Amino acid sequence: LSAGSGEAIETAVVGLGYWGPNLARNVLMTPGMKLSGLCDLDRALLDAQVDLCPGAFATTRLDDLLDRSDLDAVVIATPVATHFELAKRALLAGKHVLVEKPLASNSKQAEELVTIAEERRLVLMVDHIFLYSPAVQKLAQMYHDGELGQLQFIDSVRINLGLIQQDVNVIWDLAPHDISIIDHILGRGPRSIRAVAPPSHYAGLTTMAHLHLDYGDDLMASVHVNWQSPVKIRHFLVGGTRRSALYNNLDQSEPLKLYDRGVDLVEGPEDRRRILVSYRSGDVLSPKIDKVEPLQNVMAEFSSCIREGRKPLSDGWSGLQLVRVLEAADRSLAANSASVEVDSA
Ligand SMILES: NC(=O)c1ccc[n+]([C@@H]2O[C@H](COP(=O)([O-])OP(=O)(O)OC[C@H]3O[C@@H](n4cnc5c(N)ncnc54)[C@H](O)[C@@H]3O)[C@@H](O)[C@H]2O)c1
């Protein structure tokens with residue numbers, strides 16, 4: 001496929017459980033992409049999707065798809081433990097790959113996928129979906145334009161009665177969202193992490209955790225993830241010296257709010273040894289946010305990267321970096337919540 005080619009990118013979706021059908025629907029909706037194949041080990045799920053995607057070749061065997069020379073790309077939405085093996089097979093078969101988050105179960109696997117994709121000049125993209133959310137894009141832009149000032153804290157809460165995964169803990173399942181947003185806004189990853197969780201009670205699986213991430217420059221981010229909360233909260237709060245912002249993706253009409261509120265702390269004169277506190281209490285502003293499904297933007301990025309031969313915003317490297325942070329979180333849990341450095345490239 002070349003940049004100007006009018007040919008459709010023939011794409012298959014692998015894994016049609018909870019999330020895969022959303023990816024399949026968005027492949028169908030993306031101009032220049034064609035949903036050519038569907039794959040799941042579960043025949044019933046496959047049959048249900050085939051009805052919605054007439055013309056797509058359906059199979060329970062990935063190799064049936066990979067053997068097809070007309071297939072250009074594979075989208076993987078299977079359990080995390082299978083990402084590496086399936087993505088590797090697809091890349092080795094010469095297919096561009098979009099894989100669900102997190103990229104793999106460990107950084108060694110993630111590194112191998114990045115290497116194979118680079119050697120073969122194939123697109124390897126990770127679905128860090130929130131980078132493609134118009135509200136997050138607006139927030140990142142405002143930060144870069146200096147509208148928030150210097151960041152003083154980031155506080156993210158992502159809790160609800162979650163779909164408890166069998167192969168990963170809650171940190172690996174939910175925190176990739178928060179961490180990818182923070183890394184994207186700041187343009188860098190955390191230096192170290194401290195993870196706190198109660199002793200595991202569900203078959204050794206951590207279902208709730210607090211993460212403290214040190215991004216340097218006096219900036220700490222706190223991320224709270226929980227699969228057991230009876231209420232659903234998605235609050236991503238960013239505190240800056242000029243303004244603060246709240247991103248709440250459950251608020252359909254006003255997902256982003258800017259607060260001209262905060263506290264200015266200034267050291268008093270030497271002899272008084274006091275901190276002078278002054279409060280700002282101004283307007284709350286709700287910027288206009290485009291109503292686009294983030295997965296639409298994900299597919300548009302995947303498709304244009306394939307055509308233009310460029311790296312996606314959420315490429316294999318960013319997927320690898322995120323896996324390193326998750327590994328550090330696990331090491332911190334194993335070390336009684338000690339602060340643990342994140343491996344760097
Ligand atoms: N980006 C997001 O917002 C988001 C949301 C939910 C889930 N996810 C991710 O999507 C992935 C799947 O999650 P889910 O909740 O849909 O899981 P799920 O268990 O509901 O579905 C996984 C499907 O994969 C199939 N499968 C497993 N091994 C396979 C194989 N070798 N070949 C073909 N099919 C196979 C299973 O039969 C199942 O139908 C995970 O990586 C998860 O992290 C992402």
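Colleague: Which residues is Thr-206 in contact with, leaving aside its neighbours within four places in sequence?

Modeller: Contact means heavy atoms within 4.5 Å. By that rule, Thr-206 touches Asn-169, Val-170, Ala-197, Ser-200, Trp-227 and Leu-333, with neighbours within four places in sequence left aside. This is a predicted model, where local features need pLDDT of at least 70, side-chain atom pairs count only at pLDDT 80 or more, and totals for chains, interfaces and linings use all residues. Residues are numbered from 1 along each chain as its sequence is written, and side-chain values use heavy atoms, with hydrogens and water left out.

Colleague: Where does Thr-206 lie? Is Thr-206 buried or exposed?

Modeller: Helices (H or I, at least four residues) and strands (E, at least two) are DSSP runs, numbered from the N terminus. Thr-206 sits in the loop between β8 (192–196) and β9 (208–214). For accessibility, buried means under 20% relative accessible area, exposed over 50%, and partly exposed in between (1.4 Å probe, protein chains only). Thr-206 has 8% relative accessibility, so it counts as buried.

Colleague: Now charges. How many salt bridges does a search of the whole structure find?

Modeller: Side chains of opposite charge can pair when their charged atoms come close. A salt bridge is a side-chain nitrogen of Lys or Arg within 4 Å of a carboxyl oxygen of Asp or Glu. Searching the whole structure gives 22 of them.

Colleague: Which residue forms a salt bridge with Glu-293?

Modeller: Arg-25 does, with the closest N and O atoms 3.0 Å apart. The pair links distant parts of the chain, 268 residues apart: Glu-293 is in the loop between β14 (275–285) and α8 (294–308), Arg-25 in helix α1 (residues 20–29). Glu-293 is partly exposed at 30%. Arg-25 is also partly exposed, at 33%.

Colleague: Which parts does the Lys-88 and Glu-112 pair tie together?

Modeller: In this salt bridge, the closest N and O atoms are 2.7 Å apart. Lys-88 lies in helix α4 (residues 80–92) and Glu-112 in helix α5 (residues 107–119), so the pair ties together parts 24 residues apart in sequence. Lys-88 is partly exposed, at 25% relative accessible area. Glu-112 is partly exposed too, at 29%.

Colleague: And Asp-178: buried or exposed?

Modeller: Asp-178 is buried, at 0% relative accessibility. Its salt-bridge partner is Arg-158, the closest N and O atoms being 3.0 Å apart. Asp-178 is in helix α7 (residues 170–186) and Arg-158 in strand β7 (residues 151–161), 20 residues apart. Arg-158 counts as buried at 5%.

Colleague: Which residues do salt bridges with shared partners join into one network?

Modeller: Asp-63, Glu-85 and Arg-89.
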